[in-house]
Amino acid sequence: MTLLSNTGVLLGKELRTEFRSRELLTTTFVFILIVIVLFSFTFDPTSDESRRFAPGLIWLAFLFASSLMLQPCFLREQHNDTLSALRLSVSDPFAIFLAKLTANTLFLLLTELLLLPFFATMYNVPVLGVLHWLLLVFFLASLGISIAGTALSAISAQARMRELLLPLLMLPLLTPILVASTEVTKALFDRAPFVQWKGVGFLAVFDLVFLTALWLFGEYLLEE
Amino acid sequence: MVFAGRNGSGKTTLLRVAARLVRPSGGTLSFSGEAGSEGADSVRLGLVAHATMVYDELSAEENLLLFARLQRTSQPENHVKALLQEVGLTDRRASLVRTFSRGMRQRVAIARALLHEPAVLLLDEPATGLDPHGVTWLAETIRRLRDSGRTILMSLHGESEISSLGTRAIRLDAGSIAADTRTGATFRSILTFADA
């Protein structure tokens, strides 16, 4: 109960500070939009080509953008040593992770949803018929990216080459998510759309495994 | 208890170990005679460190409410209101901390450390950034807290209005106790030697 209550209070703080500055949301949105537009300049895809390449392209863009978004996650807490204040205030440090990964998932989902119409228009991909399934993939993949990314952000924030370290650690680790979410999205963009349950199941298991690992070992990531 | 010592003598590390933010490389941490997490968990600790440990993007009131709620303080709104009045920031309660002077930030930091009425207060050079008026206010606050029965451990540089409140002085040198006294001329010499 204390864990959930502390998570709620910390989540409120994360949302309040972000919506006050809108730094992360704006940067991530603009970054993904630029990638989508640049790719559309480099080749002029037919409808069939879009169905084949667009899922990989959009998930690559989401993945790179998430490394940008997750970078300040724990760096912000180092500015005034607020992480120490949080550690002294919460009985279970998992609440700090839970609040941050929930906020990151929400920010990623919001960015993805805002960009979906641009993506569908530029690449001529029909998304309306499969929107509910797309939302499920977006949610599971964003959750996985946020869980692993938040943990790695806590590690990299204490390193000297912190700006470079996070993408170097995060991108290889999240390759399975990239592959699975691309495959599921590709199946949804097919002329005869279908749900690739194997991929959906993989994303759910990935989230569960990494969330459990964070719950068990997260405390050690916050130590000085 | 006042800790003195040159830069790098281990004052900050000692206070962070006492706050359980850093795991000690050796020795035992005991609270009320109980070692380990059982002893530590039974004591409420408040820490004022070099950094303010508050969010620049939140107002003074939002910062204090955040930590009051995390620490499950009863009636957090009323408690925060009273603390803001105590540290003289009622008029600026809605201003973002990033707009504050160093002295005002330190006042917020001290209010944050006092939120859950800690039994043990750890102060790492608490007068940093305070003007003479602020130092007098801090000395009064520490005196009041000491007289109310709280244990206060603070690190200081040299003699000051605040150091005179100590009842025991320890000089640290390279992580070890170089001198330890309770009263008299030695007390002053420990503080002045450290500053030399």
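Predicted model: local features only at pLDDT ≥ 70, side-chain atom pairs only at ≥ 80, totals over all residues.
**Helix packing in chain B**

- Two packed helices are described by the angle between their axes and the distance between the axes.
- On the H3(B) side, the residues that meet H5(B) are Ala60(B), Asn63(B), Leu64(B) and Phe67(B).
- On the H5(B) side, the partners are Val108(B), Ala111(B) and Arg112(B).
- By class, the residues of this contact between H3(B) and H5(B) comprise five nonpolar, one polar and one charged.

**Contact between chains A and B**

- Chain B contributes 21 residues to the contact, and chain A contributes 17 residues.
- The side of chain B that touches chain A has 14 nonpolar, two polar and five charged residues.

**Helix packing in chain A**

- Helix H2 (residues 23-42) and helix H3 (residues 47-70) of chain A pack at an angle of about 150°, and their axes are 9 Å apart.
- Angles over 145 degrees count as roughly antiparallel, and H2(A) and H3(A) are therefore roughly antiparallel to each other.
- The crossing of H2(A) and H3(A) is right-handed.
- From H2(A), the contact residues include Leu24(A), Phe31(A), Ile32(A), Val35(A) and Phe39(A).
- From H3(A), the contact residues include Leu57(A), Phe62(A), Leu68(A) and Met69(A).
- The contact of H2(A) with H3(A) consists of twelve nonpolar and two polar residues, with no charged residues.

**The sheet of chain B**

- Strands of a sheet pair through backbone hydrogen bonds, either parallel or antiparallel.
- Chain B has an open sheet of six strands in the order E4-E5-E6-E1-E7-E8, and the pairing is mixed.
- Strand E4 (45-48) and strand E8 (176-181) of chain B stand at the edges with a single partner strand each, so one side of each has no neighbour in the sheet.
- From one strand to the next, the twist averages 20°.
- E4(B) pairs with strand E5 (residues 120-124) of chain B in the parallel sense, over four bridges.
- Within E5(B), Val120(B) is the residue that stands opposite Leu45(B).
- Strand E7 (residues 169-173) of chain B runs antiparallel to E8(B), and five bridges join the two strands.
- Asp173(B) stands opposite Ser176(B) in E8(B).
- E7(B) and E8(B) form a hairpin with two residues between them, and Ala174(B) in the turn has a positive phi of about 50°.

**Domains of chain B**

- The domain assignment of chain B gives domain 1 (1-43 + 119-196) and domain 2 (54-117).
- The contact between these domains takes eight residues from domain 1 and five residues from domain 2 of chain B.
- The side of domain 1 that touches domain 2 of chain B has three nonpolar residues, four polar residues and one charged residue.

Note on methods
Residues numbered from 1 in each chain as written. Chains lettered and ligands numbered in written order. Domains from an automatic or database assignment. Contact = placed C-beta atoms within 7 Å. Nonpolar A, V, L, I, M, F, W, Y, C, P; charged D, E, K, R; others polar. Pairing = 2+ DSSP bridges. Axes fitted to C-alpha atoms, helices over the stretch in contact; angles between N-to-C directions. Parallel < 35°, antiparallel > 145°, perpendicular 65-115°, else oblique. Left-handed = near helix turned anticlockwise from the far one by under 90°.
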